[in-house]
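Let's take a walk through this one together, from the inside out. Have the sequence and the model open side by side as you read.

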Amino acid sequence: MKVIGVAGWSGAGKTTLISRVIPHLRERGLRVSVIKHAHHAFDVDIPGKDSWVHRQSGAEEVLVSSANRWALMHELRGAPEPSLLELLAKMSPVDLLMVEGFKSEPYRKIEVHRRDSGKPPLFPDDPAIACIATDAEIVTALPVAHLDDIPSVAAMMLKYALPLEDVLAGRGGGA
């Protein structure tokens, strides 16, 4: 399993880009998963449903299963947020694991940058950024692909993704 981060400011289009790259990779026969970091309280459960009631009642974990999917929700109940490395270790093996967010963590990433975002690129200050997907003209020695060139973005992700073992061993930073 290989891991690549997808980093950028809020509103840069990380989720949109990932949602466009996944079908491209699947068409090539690759299995892909995503870890998404949220900076705020969020809920994947519907208030009033059984799994929500179980969680609200104090269950540490609630696993919901059907013929189509299963989801595991784990309540921290005041415990510290797990690190990226702890979350990576929980994932089932796939060909490529994309990590959206965790932009301050030192693991290899592709930066998503939009010209009209009003925000500066991250790559000058983050040595873990290996390549950039953008709609802007950027002067850099790093590989750059246009946000709409999904085959090129996917190729960069695959080229710069690191084996999970390297990331878990702390060899995930730097290009």
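The model is a predicted one, so local features need pLDDT of at least 70 and side-chain atom pairs count only at pLDDT 80 or more, while totals for chains, interfaces and linings use all residues. Residues are numbered from 1 along each chain as its sequence is written, and side-chain values use heavy atoms, with hydrogens and water left out.

Start with the core. A nonpolar core means a set of buried Ala, Val, Leu, Ile, Met, Phe, Trp, Tyr and Cys residues joined through side-chain atoms within 4.5 Å. Buried, in turn, is under 20% relative accessible area, exposed is over 50%, and partly exposed is in between (1.4 Å probe, protein chains only). In soluble globular proteins, nonpolar side chains tend to be buried together. Here the largest nonpolar core has 24 residues, and the ones with the most contacts inside it are Ile4, Leu17, Val21, Met98, Ile110, Val153 and Met157. At least two residues of this core come from each of strand 1 (2-7), helix 1 (14-27), strand 5 (96-100), strand 6 (109-113), strand 7 (129-134) and helix 4 (150-160). Helix 4 is the top contributor to this core, with six residues.

Leaving aside residues up to four places away in sequence, valine 153 touches Leu17, Val21, Ile110, Ala133, Ala145 and His146, where contact means heavy atoms within 4.5 Å. There is also a second, separate core of 12 residues, and Val3, Ile35, Val99 and Val167 are among them.

The search runs on a 1 Å grid over the protein atoms alone: a cavity is a set of points where a 1.4 Å probe fits but cannot get out, whereas a pocket is an open set with protein on both sides within 12 Å along at least five of seven lines, and lining residues have an atom within 4 Å of a point. Grid points are joined across faces, edges and corners, and a volume is the space filled by probe spheres set on the points.

What is the lining of the largest pocket made of, by class? It has 17 nonpolar, five polar and seven charged residues, counting Ala, Val, Leu, Ile, Met, Phe, Trp, Tyr, Cys and Pro as nonpolar, Asp, Glu, Lys and Arg as charged, and the others, Gly among them, as polar. The second largest pocket has a volume of about 230 Å³. Lys14, Lys36, His37, His39 and Gly101 lie nearest its centre, out of 15 lining residues, and the lining splits into three nonpolar, eight polar and four charged.

On to the charges. Side chains of opposite charge can pair when their charged atoms come close. The rule for a salt bridge is a side-chain nitrogen of Lys or Arg within 4 Å of a carboxyl oxygen of Asp or Glu, and the count comes to eight. One of them joins aspartate 126 to lysine 109, at 2.8 Å from N to O. Aspartate 126 sits in the loop between strand 6 and strand 7 and lysine 109 in strand 6, 17 residues apart, and both are buried.

Arginine 114 pairs with aspartate 135, with the closest N and O atoms 3.9 Å apart. Arginine 114 is partly exposed because its relative accessibility is 30%, while aspartate 135, at 16%, counts as buried. Asp45, Arg55 and Glu75 are linked in a salt-bridge network.

Arginine 77, in the loop between strand 4 and helix 3, has a positive phi of about 50° although it is not a glycine. Phenylalanine 102 likewise has a positive phi of about 50°, and lies in the loop between strand 5 and strand 6. Phenylalanine 102 is buried, because its relative accessible area is 8%.

Methods. Helices (H or I, at least four residues) and strands (E, at least two) are DSSP runs, numbered from the N terminus.
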